[in-house]
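Subject: Structure handover and findings

Dear colleague,

Please find below the structure that I am handing over to you. My findings follow directly after it.

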Amino acid sequence: MNLDIRTFTLTAVFLLVVGALLGLLFGLRAIRDGQRTRFFRIRQQKIASGWRLMGMAILLGAAAFAVGRYTEPVAYQYFPPSPTLSPTPTITLTPTISLTPTITLTPSITNTPAVTDTPTATSTPFIPPAIEASFASVVTPNPDAIFSPLQFAQSIDNKYQPVGPATVFKNPIRRMFAIFSYDKMIPGVQWTALWYRDGELVHYETKPWDGELGGYGFTDWQPSPEKWLPGNYQVVIFVGTEWKVVGTFIVEGEPPTASPTRFPTRTNTATSTRGPTKTKIPTSTLQPTWTPKPTDTHQPSRTPTR
C-alpha cells in the first residue's frame with residue numbers, strides 16, 4: 001500500500017491517542033479494584049499497576065501531540081514532497097498563453113509599459129523588466145528548488161491547507177489564495193508571483209523568501225470585490241528569474257458594482273463678524289483757569305461838606 005507522510009502521521013496520532021485512552025481506563029479500573037481488595041500486599045500491587053498504566057497513558061498522549069506537531073515538518077526535510085505534475089511546458093499551454101487574437105492582435109505586446117507587459121506566445125513565462133529591476137535580494141537561487149502544482153481557494157486553515165479548493169469560482173469574490181508545497185528553498189532568495197487575467201498583469205508580489213527550507217506556502221490577492229472581473233486567471237511563481245510553476249482558474253459572473261457614496265453637502269461657513277470698532281479716546285479738554293477773586297475796593301471816604 002502506498003502511504004504518504006500525512007496519512008502515516010494521522011494514523012500514528014490516532015493509535016497513540018487510543019492507547020492513551022485505554023491506559024487511563026485500565027489504570028483507573030486497577031486503582032479502584034486495589035482499593036476494594038482486603039489484602040494489603042495485593043492491594044498495593046494493584047494500585048501500583050494502575051498508576052503505571054496511567055503514567056504510560058500520559059506518555060502516549062504526549063507522544064501523540066509530538067507526532068502530530070513535529071513529524072510531518074521533519075519528514076519533509078528528509079523526504080521532500082514530490083509534485084504529482086512536474087513543471088513541464090504542457091502546464092503552460094493554457095488559453096491565456098496560446099496564440100489567440102487577444103494576445104497577437106493587441107498593441108500591448110509590442111508597445112506597453114514594462115509593468116503591464118503580458119506574456120508573449122511562448123512556452124516560457126518571464127518577469128517584466130520593471131519588476132526584475134526592483135529585486136532586493138543578492139542570494140543566489142537554488143536551481144533544485146521545487147514547487148507542487150498550485151491549488152486555488154478563497155480561504156485557508158492554520159496549516160496553510162486550502163478550504164474548498166476548486167478551479168472555477170463565481171462572483172462575488174473577496175480574496176483568492178494560490179497554495180503550494182515547496183522544498184530546497186534558500187532563505188533570503190528573491191521570489192515572485194505574477195497574477196494575470198486574460199493575459200494582462202493585474203497583480204504581483206516580489207520579495208526575499210522568509211519561509212523555511214520546505215513546507216507549505218501561498219500567494220494571495222485581495223482587491224476590492226468589483227475588480228474580480230470574469231475571465232481566465234493565471235498565477236506564475238518564479239524563484240529568481242526562473243519560473244517554477246503555473247496554475248490557472250476561472251472566475252464566472254459579474255462582480256458587484258460599487259455603490260456610490262454620497263458626498264457631504266457643503267455647509268456655509270460662518271462669515272467673520274467685525275469686531276467692535278475702535279472708539280477714539282476723548283481728547284482731554286482744557287480745565288478752566290483759575291481766576292483770582294476781585295479784590296475788595298475801598299469805599300470812597302466821606303468828605304465833609306461845608
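What is the volume of the largest pocket? The largest pocket has a volume of about 840 Å³. Please note that the model is a predicted one, and that every value in this message is computed from it.

**The largest pocket**

The lining of this pocket comprises 32 residues. Those that lie nearest its centre are Lys159, Tyr160, Gly215, Tyr216 and Gly217. Two or more lining residues come from each of α1, α2 (40-78), β4, β6 (200-208) and β7. Of the elements, α2 gives the most, with 8 residues. By class, the lining is made up of 13 nonpolar, 10 polar and 9 charged residues.

Tyrosine 160 is placed in the loop between β2 (151-153) and β3. Its relative accessibility is 39%, so it counts as partly exposed.

**Salt bridges**

The structure holds 3 salt bridges, which I describe in turn.

In one of them, arginine 36 pairs with aspartate 33, and the closest N and O atoms are 2.8 Å apart. Because the two residues are 3 residues apart in helix α1 (residues 5-36), about one helical turn separates them. Arginine 36 has 61% relative accessibility and therefore counts as exposed, while aspartate 33 is partly exposed, with a relative accessible area of 29%.

Another salt bridge joins the side chains of aspartate 220 and arginine 175, with an N to O distance of 2.6 Å. This pair links distant parts of the chain, 45 residues apart: aspartate 220 is in strand β7 (residues 215-221), and arginine 175 is in the loop between β3 (168-170) and β4 (176-183). Aspartate 220 has a relative accessible area of 18% and is buried, since the cut-off for buried is under 20%. Arginine 175, at 28% relative accessibility, counts as partly exposed.

The remaining salt bridge is formed by lysine 244 and glutamate 242, whose closest N and O atoms are 3.6 Å apart. Lysine 244 is buried, with a relative accessible area of 8%, whereas glutamate 242 is partly exposed, with a relative accessible area of 40%.

**A nonpolar surface patch**

Phe14, Leu15, Val18, Leu22, Leu25 and Phe26 make a nonpolar surface patch of about 570 Å². Phenylalanine 26, one of these residues, is placed in helix α1. It has a relative accessible area of 42% and is partly exposed.

**Backbone geometry**

Most residues other than glycine have a negative phi, and most peptide bonds are trans. Against that background, the following positions may be of interest to you.

A cis peptide bond joins asparagine 171 and proline 172, with omega at about 5°. Proline 172 lies in the loop between β3 and β4, the loop that also contains arginine 175.

Lysine 184 is placed in the loop between β4 and β5 (190-197), and at 40% relative accessibility it counts as partly exposed.

**Contacts between separate parts of the chain**

How far apart are the C-alpha atoms of threonine 248 and threonine 167? They are separated by 7.2 Å, with the two residues 81 residues apart along the chain. Threonine 248 is part of strand β9 (residues 242-252) and counts as partly exposed, at 33% relative accessibility.

Glycine 253 and leucine 229 are 24 residues apart in sequence, and their C-alpha atoms are 8.0 Å apart in space. Glycine 253 is found in the segment after β9 and is partly exposed, with a relative accessible area of 40%.

Kind regards

Definitions and conventions: Residues are numbered from 1 along each chain as its sequence is written. This is a predicted model: local features need pLDDT of at least 70, side-chain atom pairs count only at pLDDT 80 or more; totals for chains, interfaces and linings use all residues. Side-chain values use heavy atoms; hydrogens and water are left out. A salt bridge is a side-chain nitrogen of Lys or Arg within 4 Å of a carboxyl oxygen of Asp or Glu. Helices (H or I, at least four residues) and strands (E, at least two) are DSSP runs, numbered from the N terminus. Buried means under 20% relative accessible area, exposed over 50%, partly exposed in between (1.4 Å probe, protein chains only). Patches are made of residues with over 30% relative accessible area and no salt bridge: like charges are joined within 9 Å, nonpolar side chains (Val, Leu, Ile, Met, Phe, Trp, Tyr) within 5 Å. Accessible areas come from the Shrake-Rupley method with a 1.4 Å probe; for residues, only the protein chains shown count as cover. On a 1 Å grid over the protein atoms alone, a cavity is a set of points where a 1.4 Å probe fits but cannot get out, and a pocket is an open set with protein on both sides within 12 Å along at least five of seven lines; lining residues have an atom within 4 Å of a point. Grid points are joined across faces, edges and corners, and a volume is the space filled by probe spheres set on the points. Ala, Val, Leu, Ile, Met, Phe, Trp, Tyr, Cys and Pro count as nonpolar, Asp, Glu, Lys and Arg as charged, and the others, Gly among them, as polar.
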